[in-house]
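Q: Hi, can we go through this one together? I'd like to start with the rings and then look around.

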Amino acid sequence: MADLKGIRVAVLVEDLYENLELWYPVLRLREEGAEVLIVGPKAGETYKSKEGYPAKADAAAEEVPADSIAAVIVPGGYAPDRMRRSAAMVRLVREAFEQGKIVAAICHGGWMLAEAD
């Protein structure tokens, strides 16, 4: 992987996310120097994976403008079904795509892509 210093990536979170699909990108991107924000519906809220593993949101989706990030990653599990009910999370995905940013979806993350058109 290339040096990602100065690159800001949003990884979305909601309850029932798939552990590896959230944490593997978060940890690998951080290892390469990227600033990774775990973004949920509410800042400071802790969301649990399907197995109960916690992930604390660094920021709320409504606080993250798409032009402040280089990419957004949507992990799978059942979390995307919950994410797509949040207008702010859908907006972030849609605007990132419209701005030509990298938008990645893992497994059920495609639900968010469909919701964001």
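Q: How many aromatic pairs does a search of the whole structure find?
A: One aromatic pair turns up in the whole structure. Keep in mind that this is a predicted model.

Q: Which residues form the aromatic pair, and is it edge-to-face or stacked?
A: Tryptophan 23 and tyrosine 53 form the pair, and it is edge-to-face. The centres are 6.0 Å apart, with 85° between the planes. Over 60 degrees counts as edge-to-face.

Q: Why give both a distance and an angle?
A: Because a pair of aromatic rings is described by the distance of the centres and the angle of the planes.

Q: Where do tryptophan 23 and tyrosine 53 lie?
A: Tryptophan 23 is in helix H1, residues 19-31. Tyrosine 53 is in the loop between strand E3 (46-48) and strand E4 (54-56). The two are 30 residues apart in sequence, so the pair ties together separate parts of the chain.

Q: Is tryptophan 23 buried or exposed?
A: Tryptophan 23 is buried, because its relative accessible area is 18% and the cut-off for buried is under 20%.

Q: And what about tyrosine 53, how accessible is it?
A: Tyrosine 53 is partly exposed, with a relative accessible area of 48%.

Q: Let's zoom out. How many helices and strands are there?
A: The chain has four helices and seven strands. From the N terminus on, the order is β-α-β-β-β-β-β-α-α-β-α.

Q: How compact is the chain?
A: Its radius of gyration is 13 Å, close to the 13 Å that the globule rule gives for 117 residues. So the chain is as compact as a globular protein of that length. Along the principal axes, the C-alpha atoms fill a box of roughly 30 × 30 × 25 Å.

Q: What share of the residues is buried?
A: Of the 117 residues, 43% count as buried.

Q: What about contacts between residues at least 6 apart in sequence?
A: Among those contacts, 71% join residues at least 24 apart.

Q: Now some single residues. Where is valine 11?
A: Valine 11 is in strand E1. Its relative accessible area is 0%, so it is buried.

Q: What does valine 11 touch?
A: Beyond residues up to four places away in sequence, valine 11 touches several others, including Leu22, Val26, Ile38 and Ile73. Leucine 22 is 11 residues along the chain from valine 11, and their C-alpha atoms are 7.1 Å apart.

Q: Next, valine 93. Buried or exposed?
A: Buried, at 2% relative accessibility. Valine 93 lies in helix H3, residues 87-98.

Q: Which residues does valine 93 touch?
A: Leaving out residues up to four places away, the contacts of valine 93 include Leu12, Val74, Val103 and Met112.

Q: Which glutamate is 7.6 Å from proline 41, C-alpha to C-alpha?
A: Glutamate 62, which is 21 residues from proline 41 in sequence.

Q: What is the phi of aspartate 117?
A: Near 65°, a positive value too. Aspartate 117 is in the segment after helix H4 (110-115). At 78% relative accessibility, aspartate 117 is exposed.

Q: Last one: what does serine 49 touch?
A: Serine 49 touches Leu16, Tyr17 and Asn19, not counting residues up to four places away in sequence. Serine 49 lies in the loop between E3 and E4, and is buried at 3% relative accessible area.

Note on methods: Residues numbered from 1 in each chain as written. Predicted model: local features only at pLDDT ≥ 70, side-chain atom pairs only at ≥ 80, totals over all residues. Heavy atoms only, no water. Phe/Tyr/Trp six-rings, centres within 6.5 Å; stacked < 30°, edge-to-face > 60°. Buried < 20%, exposed > 50% of the residue type's maximum accessible area, 1.4 Å probe, protein only. Rg over C-alpha atoms; globule rule 2.2 N^0.38 Å. Contact = heavy atoms within 4.5 Å.
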